[in-house]
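Please examine the sequence and the model shown below.

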Amino acid sequence: MPCRNRLRVTMLCFVLTCCSIVSGKNMVKGYVFLDANRNGFMDKGEAGIAHIPVSNGEVVTETDANGRFRLPLKQGQSVFPILPADYTIDSRVPNSRFFYAVTVPKQDVNFALISKPVKTAFRLNAIGDVQVGNYQELDYATRTLWPELLLTDSAEVNLFLGDLVNNNISFYPDMLALMDRLPSQSWTLLGNHDRDKDSIAENQNRTYNKTFGADVYAFNEGQVHFIVLNNVHADGKRGYVARLSDRQLSFVRNELAFVPADRKIVLTMHIPLVGTSNADSLLALLQGRGEVLALTGHTHQVHRFFRKTQGMSLHELNAGAACGFWWVGEKDWDGVPAALMQGGTPRCYFVIDFQGADYRFRCKAIGQDASRQMTVWVTGIDTLDTHLRDMRKVEPGTVMMTVFGACDSTSVRFRIDGGAWVTCNRGKMVDANVARAREMNLTDVYPTKYNRINPLRSRNSSQLWVYTLPAEYRQGAHLIEVEATDRFGFSATGRRTFCFPR
């Protein structure tokens, strides 16, 4: 990357681990300084900033009174500062410009920071798996996801949860250039499809590191501390398993020692913790940290998981995918594949609003109005219901509510025509839209020409609630209102009218 951009890096936490210091020839040094004229260079008169944590992804140290730091460094590691909440860099530039991926540099590595007010309230977009493999798919992303992220009030922070590309790392420069054009700060992490596949296991992240920077780091925003980890562990040239390295666990242990107890901890990684082999080792480091949030991608489905350990409870939001089911399925009126995900959630990302250490979140269906937070289907009106093998046994007059982002801790209630609110039960059945797409696949109606099949399966949706309508509502026109909430900050609403034959 250009020399100027090498001066711009992001953040991680700090602890001086003296026992890890190696010989001087493998040390990196430099300054973290206040970039008063915002040109990215340390000019005469620009002062260093004291007590800024800087890390190599394992050892964490603190800048001295003059903003100077010194760290051990091995080939292939990255060095970066962990930005406090009151410092930033150019908000339009992704984290690649702030991390310094190295072959152990001979010159100083300097990091230019800009002061900013601390926002105790801020919004974050959690964006799973954009996963573009060619320019057509990149065009789908730029025509659907990017217009929403380009809105100046979309969010203060974008967090891309891995699999930026689909085994085609030649698209990294394009993805980087597109992130440059967003009005909000963007952070990335590495996914299993973001690796170099033609190299030995320990070097599979080299192109990601050179383009986007470190694959393990941390940063602060408001009263929230984000820890970004790479849990895609290479297994041979092409294989991988989900685990965290000893180096990463050391980094978390070291940097947490300097994170105030009242900070909300948010873990981010590509593969869900529920599928990470040594997740317990990570969770043990979080004992006493209260309610911890984790944000993950990878599965191309929306799930929520919960774990507990001593003095800590973990809420994991597996945020689905911006590409849905890999940009497949029938195309809509705008020529973009529907790519409906298993469970009935459309292509989406999640909007998380932080207020101090608290947060609320909702699912944002890409290309749809923000109020579209669920699918409400009433069986027995569309005659196609009787032809669907996944719905033939569902009683006519059943209201099927697929609530995007809900889980078994969510309470869903609805009312008809302004009447009394009724609590719904979870349904053990396939989402109505998934059932339709599957039937079209199985009867060779789909895929139509120039489309690719969406390989949906007959699986019960974890986001579906049901209610059987009383007989008096099975004729004439009616209004349904739905509310869904849970104690973990999730809420969603929905409304629809329906009309049975008289």
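F160 stands opposite T188 in strand β11. In this predicted model, local features need pLDDT of at least 70, side-chain atom pairs count only at pLDDT 80 or more, and totals for chains, interfaces and linings use all residues. Residues are numbered from 1 along each chain as its sequence is written, and side-chain values use heavy atoms, with hydrogens and water left out.

F160 belongs to strand β10 (residues 157-160), and β10 pairs with β11 (residues 185-188) in the parallel sense over four bridges. Two strands are said to pair if DSSP finds at least two bridges between them. Strands (E, at least two residues) and helices (H or I, at least four) are DSSP runs, numbered from the N terminus.

With helix α2 (residues 135-149), β9 and β10 make a right-handed β-α-β unit.

In a regular strand the side chains alternate between the two faces of the sheet. In β10, V157 and L159 point one way and N158 and F160 the other way, and all are buried (under 20% relative accessible area, with a 1.4 Å probe and protein chains only).

Elsewhere, four strands form an open sheet of mixed pairing in the order β4-β1-β8-β6. Because β4 (68-72) and β6 (87-88) stand at the edges, each with a single partner strand, one side of each is left without a neighbour in the sheet.

Note on methods. Buried < 20%, exposed > 50% of the residue type's maximum accessible area, 1.4 Å probe, protein only. Right-handed = clockwise from strand over helix to strand, strands pointing away.
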